[in-house]
Amino acid sequence: MTDSCKILMIFPLFNAHSFWNYKEACDLAGARYPAAPLGLITVAALLPKNWEIRLVNRNTEILTDADFAWADMVMTGGMLPQRNDTLHIIERCRADGKPVVVGGPDVTSSPSLYSAANFQVLGEAEEIMGDFIAAWCRGERQGTFEAPMGKTDVTKSPLPRFDLLKLDQYLHVGVQFSRGCPFSCEFCDIIELYGRVPRTKTNAQVMAELDALYALGYRGHVDFVDDNLIGNKKALKKFLPDLKLWQNEKNFPFEFSTEASINLADDADLLRSLSETNFFAVFVGIESPDTDTLVMTQKKQNTRRSLQQSITTIHEAGIFVNAGFIVGFDSEKGSVAAGMIECIEDTSIPVCMVGLLYALPTTQLTRRLLAEGRLFSGDDQTQSGDQCTAGLNFETKRPRRDVLNDYRTVLAAIYDPVAYFGRVRRLGRMLKRERTHRMIRGDLRSFLRLLFRIHRAGPGTSKQFWRMLLDCALHNPKALPYVVMTSALYLHLGPFSRQVICEIDREIENVDQGRWQAPPLVKQAATAVLEPVA
């Protein structure tokens, strides 16, 4: 029986060339990485109280030999863009004779790739960590523990160990209210991992998490990391009054962001409640302005309303939209670049994560491509950044060169400084913030750093930034903190988009010169399951 144990939790490196790194924006704020590792600190809270835990985030700090020497066991794991480093950590653990446990969405989706780990924890950890702990205490040193998909009772999820974080290293800290999404988008793995029935924590649970952050002295940006915050509107509407009361009692120490589906715009009362509670940003998956594409990919919720009017409605509620777009769907007929650029300009969304379609391991899309004999073997995404620089891991219906050219055309247009800051300027006029931004330590310093560094984002950027800033100061000064925030992101997005364009141009040249060869196709019986998850 093992009564005590020293656990080294390692959060693996994300691939360096990623849309989400926001390295320069972090530097402005004196942070080292955008988001804290909520999954690991939740797992930490499930471990016995007498076990010692040390957390090392490889994205913010150095992992030392002394850390390994201290530990009895290593716990690691994460998402697909962290796969390279996760496998490296496992390899080092095995070389050093340290038992290693791996969990998270990527091992859950592709467990065979992580067979070198001593233990695999597949799915949501809350109801299976007890089995793992019991096995470890019995002296077992290998095993697999799997939770049924989308069944975990999140009301049993513990208060995350926020005390393990170095809070000043991050732009924002995450909390979670719900898991799962009611939709069935073909390319998305959320429903495969967490189900189509959103499960919610109790109000008291989330309030306790915010209390813990507040007691640790944290102030500022808190991200609700839900798959779709409005997946269970009824529960959310019961939660928001308690959240607003808490914010009022504490003098609004936090500003919130989240992810939600576009039908958020249909509910004026819900939008008002979110705004009054101090939500300021929401990520929305738009994917494509083309109705046929949205229908084919089962994202029909985006076809039942005007995208432009919906985004305007959210902006006018005081919440700005970041959006996701994808190039490379089978249903694309001819060039899609002009339509996508027009959609982005018409909706005045500054920050758009435009990616190449990527078939994730567990999705309906992957099962269909397997059945059609169009899925490439191998996984190039682990060798580069994310779907910006590695996508199209399948035989495209349109010529690959045309898809790549559309993608680089969209990136070049929307991240041109005139276009980007034009959208920020229009956003600044629309954003009706009821509350004044609460200045926290470092805000003024970050702003001054931005003024001195904005020219670094590329030729012409300074002029467009100052024009936008003056316009916002004259027409809607309450929006100033948010247009400044969006401008800071351009320090990353401007150079990053040009870097991606260069990489795509090289790939187009390789196609033109006959140097690009399609990888081998995965051989699979044509009986793959194509139905959406129930």
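Predicted model: local features only at pLDDT ≥ 70, side-chain atom pairs only at ≥ 80, totals over all residues.
Q: Ok, so which side chain of opposite charge is nearest to Arg433, and how far away is it?
A: That's Glu255, at 4.1 Å. The cut-off is 4 Å, so Arg433 is buried yet has no salt bridge.

Q: What does the Arg433 side chain reach, then?
A: The backbone oxygen of Gly318, at 3.0 Å. The backbone oxygen of Phe279 also lies 3.1 Å from a polar atom of the Arg433 side chain.

Q: Where is Arg433 found, and what does it touch?
A: Arg433 is in the loop between helix H16 (417-430) and helix H17 (443-453). Leaving out residues up to four places away in sequence, it touches Glu255, Asn278, Phe279, Phe280, Gly318, Lys478 and Tyr482.

Q: Switching to real salt bridges: how many does the structure hold?
A: There are 35. One of them joins Arg429 and Asp471, 2.7 Å from N to O. That pair links distant parts of the chain, with Arg429 in helix H16 and Asp471 in helix H18 (residues 461-475), 42 residues apart.

Q: Is Asp471 buried or exposed?
A: Asp471 counts as buried because its relative accessibility is 11%. Arg429 is partly exposed, with a relative accessible area of 45%.

Q: What about Asp267, which side chain does it meet?
A: Lys237, in a salt bridge at 2.7 Å, N to O. Asp267 is in the loop between strand S12 (254-259) and helix H10 (268-276), while Lys237 is in helix H9 (residues 233-249), 30 residues apart. Asp267 counts as buried at 11% relative accessibility, and Lys237 as partly exposed at 40%.

Q: And what does Asp67 pair with?
A: Arg54, with the closest N and O atoms 2.9 Å apart. Asp67 belongs to helix H3 (residues 65-70) and Arg54 to strand S3 (residues 52-57).

Q: New topic: why is Thr486 called buried?
A: Because its relative accessibility is 2%. Thr486 is in helix H19 (residues 480-512), and a polar atom of its side chain lies 2.8 Å from the backbone oxygen of Tyr482.

Q: What is Thr486 in contact with, beyond its sequence neighbours?
A: Setting aside residues within four places in sequence, the contacts are Phe320, Pro350, Val351, Tyr420 and Val424.

Q: Last one: what about Leu451, where is it and what does it touch?
A: Leu451 is in helix H17 and counts as partly exposed at 24% relative accessibility. Not counting residues up to four places away in sequence, it touches Phe465 and Trp466.

Conventions:
Residues numbered from 1 in each chain as written. Heavy atoms only, no water. Helix = DSSP H or I, 4+ residues; strand = E, 2+ residues; numbered from the N terminus. Buried < 20%, exposed > 50% of the residue type's maximum accessible area, 1.4 Å probe, protein only. Lys, Arg positive; Asp, Glu negative; His and termini not counted. Polar contact = N/O pair within 3.5 Å; in protein donor to acceptor, adjacent residues only side chain to side chain. Contact = heavy atoms within 4.5 Å.
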